[in-house]
Amino acid sequence: MTQNAASLQELIAKYDKPAPRYTSYPPAPYFKAFDGAPRYLQLIEESNSKGPKNVSLYFHLPFCPQRCLFCGCHTEIGATSTFIREYLDAVRREASMLLPKIDKSRRVTQIHLGGGTPNAVPLPELESLLNEVRKHLQLAEGAEVAIECDPSLLTVDKLKKLSEFGFNRISMGIQDFDRKVLDAVHRRIPKISAADWVAHAREFGFRGINLDLIYGLPHQTLETFGATLQKTLAANPDRVSVFAYAHVPWVKGHQSELDKFPMPAAAQRLEMAMLTRSTFLEAGYVPIGMDHYVKPDDELAHALANGHLHRNFQGYCSKRQTGQVYAFGASAISQLEWGYGQNIKELDLYTQAVNRGEFPLERVYYMSQLDILAREAINALMCFGVVDFDAVSQRAEAVGAIGDQYRNECLRRLTPLEAEGWFTRNGNVITVAKAGWLFVRHLAAALDPRQEAANAAQAAASEYPLKNCATVDGESDNPPQPRFSRSI
Ligand code: SF4
C-alpha cells in the first residue's frame with residue numbers, strides 16, 4: 001500500500017461511520033406519515049407553476065426471479081404472473097389518476113423504469129406503461145426513456161423490442177465479472193458478453209449506456225476487481241457506476257448468507273475505490289461525483305462542464321433531462337420542488353389503495369426554506385464539488401438572516417474537517433479537494449442542519465446501503481442505493 005493510501009486508511013478508520021447518500025434532502029427517514037390528500041394534491045397542483053417545468057416520471061417495478069444476496073432493494077422474489085399483472089394494472093391506474101393533474105403544456109423529459117428488475121416483467125406490460133403516459137402527456141423532443149436491466153434476463157430480441165417501444169437509455173447490472181463472486185452472491189451469468197450487450201444497445205439506438213459494478217463483495221480481491229474494471233473498459237460503456245457494498249445483515253437478513261465467505265476488509269475496499277478512480281480517469285472517463293464515470297462526450301460530462309448537472313433519486317442527470325419527479329408504484333417517491341410523497345411500500349396494500357381510487361401515499365414531506373437551502377448546498381457539493389454559500393442563498397431565495405445563519409452553521413461544522421485536507425475555503429466558497437471526494441458524504445453531512453439533531457442517530461440506526469435499486473425501505477433512493485452507506 002502506498003503512503004498516500006496508508007494515510008487515507010487512517011482517515012477511514014477515523015471516519016468509518018454511516019453518512020446519508022443525500023439523493024434527496026431531507027433524506028427519506030425524515031418524511032412524515034401521510035396526513036390526507038388535500039395538502040398533497042395542493043403540492044401537485046403547485047408543482048405546475050412553482051418548480052422546473054420538465055416532468056420526470058419514475059415507475060417502480062419491484063420483481064425479481066431470484067434474490068441476489070447483496071440486495072438491499074425493495075423487491076418481490078418469484079411473484080406469480082397474476083400478481084405482477086394486478087400490480088401493473090394498479091400502477092397504470094395510479095398514473096391515470098395523477099397524470100391528468102399535471103399541466104398539459106409541460107413536457108415529459110425523462111421516464112425511468114427501475115426495480116427490482118424491470119426487464120423481468122412481460123414486455124407488453126412495459127409498452128403499455130409508456131402508452132399510459134402518452135395518453136396524458138406529450139414527451140419532449142429527445143426525451144430520455146430509461147430502463148434498468150439484468151442482462152442475464154435479456155435477449156437481443158427483447159432489447160430490440162425495448163428500443164421499438166421508445167426506450168433509449170439502458171443501465172445494466174453487471175456487478176462483477178468474476179464467476180466465483182457471482183456464484184457466491186447468487187447472481188446469474190449473462191449468456192452474452194457485456195461488450196456485445198453494449199454494442200447491441202448502441203446498434204438499437206440506446207445512448208448513455210451504463211454498466212453497474214459493486215465492490216466489497218465476497219471473494220473480491222484487488223486483483224480480481226482490477227480484472228473486472230478492465231473488462232468493463234473493454235465493453236466500452238458510456239457510463240459506469242461503481243457502488244460500495246455495505247454489509248448490513250441486521251437490516252437485510254439474507255445478506256447473512258454471505259458471512260461464510262471471505263469479504264474484502266476496509267483497506268482492500270479503499271484500494272478498490274482508488275483503483276476504480278485511477279482506472280477510469282486514465283482511460284479518459286470523466287468522474288461524476290464520487291462513484292460515477294462517463295465518457296467525455298456523454299451528456300452528463302457536458303452537464304458537469306456547463307453547470308447543468310443534477311441529482312435525484314434516479315441518480316445523476318442533467319437539468320435538461322430531468323425536472324420534478326412524479327413516481328408510481330409501491331414505495332416509489334415523488335420528488336417535487338416543494339415536497340416529497342412516498343407510496344405505500346407493501347405491494348398488496350399499495351394495490352388495494354389504488355383500487356379504492358385513493359392516492360397510495362404513506363409518507364410525505366413539505367419543504368421549509370431551510371430545507372431548500374440545504375438541498376441547494378448539498379446538490380452543489382455532490383454534483384460540482386463547489387459550494388458558494390452566497391449563490392446557494394440566492395438560488396434558494398433565502399438571502400438575509402436565514403441564509404447567513406445557515407452559512408455560518410455550515411462553516412462551523414466544516415471547520416474540524418478542513419484540517420483533513422478534504423476541501424479548500426475561499427471566503428464563502430468551499431471546493432472539494434481530490435482526497436475529499438472519497439469522504440464527500442461527510443462533507444455533505446456538515447451542510448445538513450439535521451445531522452446534529454438528536455433524532456439523527458436514531459434515523460441512522462435504521463439505515464442500510466447497497467446497490468442500484470429503485471427504492472429502499474424508508475429512504476429516498478428511487479432507485480439507486482440504500483440510504484446510508486459508508487463512503488468506502
Ligand atoms: S440486486 Fe437487483 S436484481 Fe438482485 S434481487 Fe435485488 S433488485 Fe433484484
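In which crossing does α12 pass α14, left-handed or right-handed? The model here is a predicted one, with local features needing pLDDT of at least 70, side-chain atom pairs counted only at pLDDT 80 or more, and totals for chains, interfaces and linings using all residues. Residues are numbered from 1 along each chain as its sequence is written, and side-chain values use heavy atoms, with hydrogens and water left out.

The crossing turns out to be right-handed (the near helix is turned clockwise from the far one by less than a right angle). The axes of α12 and α14 (residues 401-418) come within 11 Å and cross at roughly 50 degrees; axes are lines fitted to C-alpha atoms over the stretch in contact, with angles from 0 to 180 degrees between N-to-C directions. On the α12 side, Gln-369, Leu-370, Leu-373, Ala-374 and Ala-377 meet Ile-402, Gly-403 and Tyr-406 of α14 (contact means heavy atoms within 4.5 Å). That set splits into 6 nonpolar, 2 polar and no charged residues, with Gly counted as polar and Tyr as nonpolar.

Helix α12 also turns up at the largest pocket, giving the most to its lining, with 7 residues. Lining residues divide into 13 nonpolar, 10 polar and 7 charged.

How values were computed: Helix = DSSP H or I, 4+ residues; strand = E, 2+ residues; numbered from the N terminus.
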